[in-house]
Amino acid sequence: MRNVVILAGGSGTRLWPMSRDDRPKQVLPLAAGQSLLRVAYNRLLGLVEPENIYVCTVGAITDVVRQELPELGPHNIIGEPARRDTANAVGLASAVVARNDPDAVVAFVGSDHLISPEDEFRAAIQHGFEVVEARPRSLVTFGIEPTHPHTGLGYIERGAPIEGTSAYVVDRFREKPDRATAEEYLATGRFWWNSGMFVWQASTVLNVLDALLPEPAARLREVAAVWDTPAREDTLAEIYPNLRKISVDYAVMEPASQGKVDADVVVVPMPVHWLDVGSWAALADTYAADANGNRTDSITLSCLLDSHDNIIVTDDPDHLVAAVGLRSHIIVHTQDVTMVCPLSDGERVKDLVAQVQSDHSSYI
C-alpha cells in the first residue's frame with residue numbers, strides 16, 4: 001500500500017525570531033496565511049488515501065500539529081521525543097508504517113517547501129511509487145532542475161537512464177558547493193538540486209539501516225514493535241533520544257549510491273518551481289518587491305528612506321519599521337525580539353540562535 005510521511009521535525013532556526021521551539025516555521029502562517037504544514041498536506045490529497053498520510057514531528061509540538069491538521073488520525077502523528085536528524089526520523093516512520101503492512105511503500109516529503117505546479121509534484125511522486133513497485137530494491141529521490149548556482153543546497157549527479165522510466169541512476173551526491181563549483185555543476189547539465197524527498201519500500205530501507213547502522217536500526221524496530229501498546233511512550237523516551245544523530249543522506253543515500261548495500265539509488269526528475277523555505281532570503285522570494293527592491297510580507301508596515309534591497313518583516317500590523325540609508329539587510333520584529341543582520345549573513349542566523357540559546361534561552 002502507498003503511504004506518505006510529511007517530515008515536520010525541523011527547528012527552523014534560520015527563520016528566528018519568528019520560528020521558535022514551540023512554534024517552528026512549519027506551523028507558522030507563512031504561505032499566504034496558511035501554515036507550510038497545511039500546504040504540504042493539501043498537496044498530497046488525491047495522491048494517497050487520507051488515512052495513509054502521516055506527519056513525523058517533534059513531540060513537543062504534536063498538539064500544534066493536531067490543531068493544524070485535525071483530520072489526521074491519532075496514530076498518524078509520529079512524535080519524536082528529541083530531534084535526532086532525518087535518518088532516525090525516516091527509520092522510525094518506515095518501521096511504524098511497516099508494522100501492519102510489510103510491503104508498504106512510503107514517500108517522504110518536506111513540510112517547508114513551496115511547490116508549483118502541484119500537478120507536476122504529484123505526477124513525480126506517482127512515478128516514484130511506480131519505480132519502487134517495479135524495482136523494490138530502489139531508493140528513489142527527486143531532483144529539481146537548478147535555476148541558478150545555489151550554494152545553500154546539495155546536488156545530485158545523475159548517471160545512466162533506467163529503461164522504461166524517467167528515472168536515472170544516481171552517480172553521486174554532492175554537498176553544498178561554493179559558487180564557482182555550483183556554476184560548474186550547472187554548466188554540465190548533469191546536476192539537479194537535492195530535494196530531500198524520497199520513495200522506497202519500507203522493508204528495503206529498514207534492511208539498509210540494518211546493514212549500515214545495525215544498533216540504531218534494531219532499537220527503532222523495538223520502538224515500532226510496541227507502537228500500538230501502552231509501552232510506546234516509555235520505550236520511545238528511553239531509546240530515541242540516545243540514537244546517533246545523523247542525516248538520511250549520510251546514513252543511507254550516499255553509501256547506498258556507492259554500492260555499499262543491496263539497494264539501488266535512483267533519481268526521478270520533478271519539473272517544478274521549488275522553494276525550500278529555509279531562510280529569510282528564501283521566504284522573501286515569495287514577497288512582492290517595491291521599486292527599490294525592498295521586500296515585506298502583507299502585514300508589515302514600513303517607512304524606508306533611501307533604502308534598497310532589504311527584507312523587513314513584523315508580526316504586528318500596528319508596528320512601524322522605519323529605516324534610512326539601509327542596504328541589503330534583514331530586519332525581523334516580533335513582540336519580544338528584533339533581529340537585524342546583513343542579507344549576506346542570512347545563513348548565520350542559526351549561529352546567532354546558538355548564541356541566544358546560550359545567553360538568553362527564554363527567547364528561543
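Student: Which residues in H3 and H6 meet?
Tutor: On the H3 side they are Gly91, Ser94, Ala95 and Ala98, and their partners in H6 are Ala202, Val205, Leu206 and Leu209. Contact here means heavy atoms within 4.5 Å, and helices (H or I, at least four residues) and strands (E, at least two) are DSSP runs numbered from the N terminus. Keep in mind that this is a predicted model: local features need pLDDT of at least 70, side-chain atom pairs need pLDDT 80 or more, and totals for chains, interfaces and linings use all residues. Numbering starts from 1 along each chain as its sequence is written, and side-chain values use heavy atoms, with hydrogens and water left out.

Student: At what angle do the axes of H3 and H6 cross?
Tutor: Roughly 135°, and the axes of H3 (residues 85–98) and H6 (residues 202–212) come within 9 Å. Axes are lines fitted to C-alpha atoms over the stretch in contact, with angles from 0 to 180 degrees between N-to-C directions.

Student: Why are H3 and H6 called oblique?
Tutor: Their crossing angle of roughly 135° is what makes H3 and H6 oblique to each other. Under 35 degrees is roughly parallel, over 145 roughly antiparallel, 65 to 115 roughly perpendicular, and the rest oblique.

Student: OK, over to H1 and H4. How far apart are their axes?
Tutor: The axes of H1 (residues 36–44) and H4 (residues 118–134) are 10 Å apart, and the helices pack at an angle of about 65°.

Student: And which residues meet there, in H1 and H4?
Tutor: Asn42, Arg43 and Leu44 come from H1, while H4 supplies Glu118, Phe121 and Arg122. By class, this contact of H1 with H4 has 3 charged, 2 nonpolar and 1 polar residues.

Student: New topic: how many cavities of 30 Å³ or more are there?
Tutor: The count is 1, where a cavity is a set of points on a 1 Å grid where a 1.4 Å probe fits but cannot get out. The volume of the largest cavity is about 40 Å³, that is, the space filled by probe spheres set on the points.

Student: Which residues line the largest cavity?
Tutor: Ala87, Asn88, Leu209, Leu213, Pro216, Ala217, Leu220 and Ile246 (lining means an atom within 4 Å of a point). Leu209, one of these lining residues, is also among the H6 residues that meet H3.

Student: What's up with phi at Asp306?
Tutor: Phi there is positive, about 50°, although Asp306 is not a glycine. Asp306 lies in the loop between strand E13 (301–305) and E14. Most residues other than glycine have a negative phi, and most peptide bonds are trans.

Methods:
Ala, Val, Leu, Ile, Met, Phe, Trp, Tyr, Cys and Pro count as nonpolar, Asp, Glu, Lys and Arg as charged, and the others, Gly among them, as polar. On a 1 Å grid over the protein atoms alone, a cavity is a set of points where a 1.4 Å probe fits but cannot get out, and a pocket is an open set with protein on both sides within 12 Å along at least five of seven lines; lining residues have an atom within 4 Å of a point.
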